[in-house]
Amino acid sequence: MAKDRLTWNEYFIKLAHMVALRGTCDRAYVGCVLVNGENRIISTGYNGSIKGNPHCDEVGHTMRDGHCIATIHAEMNALLYCAKEGIPVKNSICYVTHFPCLNCTKSLIQAGIKEIYYSNDYRIDPYAIELLEKNKIKYEKIENRN
């Protein structure tokens, strides 16, 4: 094995950062990669508007209670693609650039994701941590190695 070869976790978190570059909401460029148990990518997602609708980087943000409500989060975009295409996500792994918000955490748990790896501590909700631990979902911070 080559000395500088990336581990699977390093590889997928790096890909999540690449996916984030497609984001269209400049409040946070977030990328998500969903991977099955055989280290195969099943879906990716990034922060952006609903398909066919104008993006924040084109028309500005639609703000409510300090959040841009026009944007679908990266994790949700990845999960929704799987739902639309009939791709199972049960027991899959989520690699995401930022710790998931509470709603994305709940959705990942409900979808059957078994592990979450992230690289940025971003507004970590204590209840999200409680839910992950209560549901025995492994979560771990991974540095994005350049």
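The following legends describe close-up views of a predicted model.

View 1. An unreviewed UniProt entry lists Glu 75 under "active site". Glu 75 lies in helix α3, which spans residues 74–85. Its relative accessibility is 3%, and since buried means under 20%, Glu 75 counts as buried.

View 2. Helix α5 is formed by residues 126–134, and its buried residues are Ala 128, Ile 129, Leu 131 and Leu 132. These residues are on the same side of α5 because they cover an arc of only 160° around the axis. An α-helix has 3.6 residues a turn, so residues three or four places apart point the same way. Pro 126 and Lys 134 are exposed on the other side of α5.

**View 3. Packing of the buried residues of α5.** The elements that the buried residues of α5 pack against are α4 (102–111), β8 (115–120) and β9 (138–141).

**View 4. The two ends of α5.** At the start of α5, the backbone nitrogen of Tyr 127 has a side-chain oxygen of Asp 125 within 2.7 Å. Lys 136 follows α5 and has a positive phi, near 55°.

Technical notes: Residues numbered from 1 in each chain as written. Predicted model: local features only at pLDDT ≥ 70, side-chain atom pairs only at ≥ 80, totals over all residues. Heavy atoms only, no water. UniProt positions renumbered as here; feature names shortened; annotations may be inferred. Helix = DSSP H or I, 4+ residues; strand = E, 2+ residues; numbered from the N terminus. Buried < 20%, exposed > 50% of the residue type's maximum accessible area, 1.4 Å probe, protein only. Arc of directions from axis to C-beta. Contact = heavy atoms within 4.5 Å. Polar contact = N/O pair within 3.5 Å; in protein donor to acceptor, adjacent residues only side chain to side chain.
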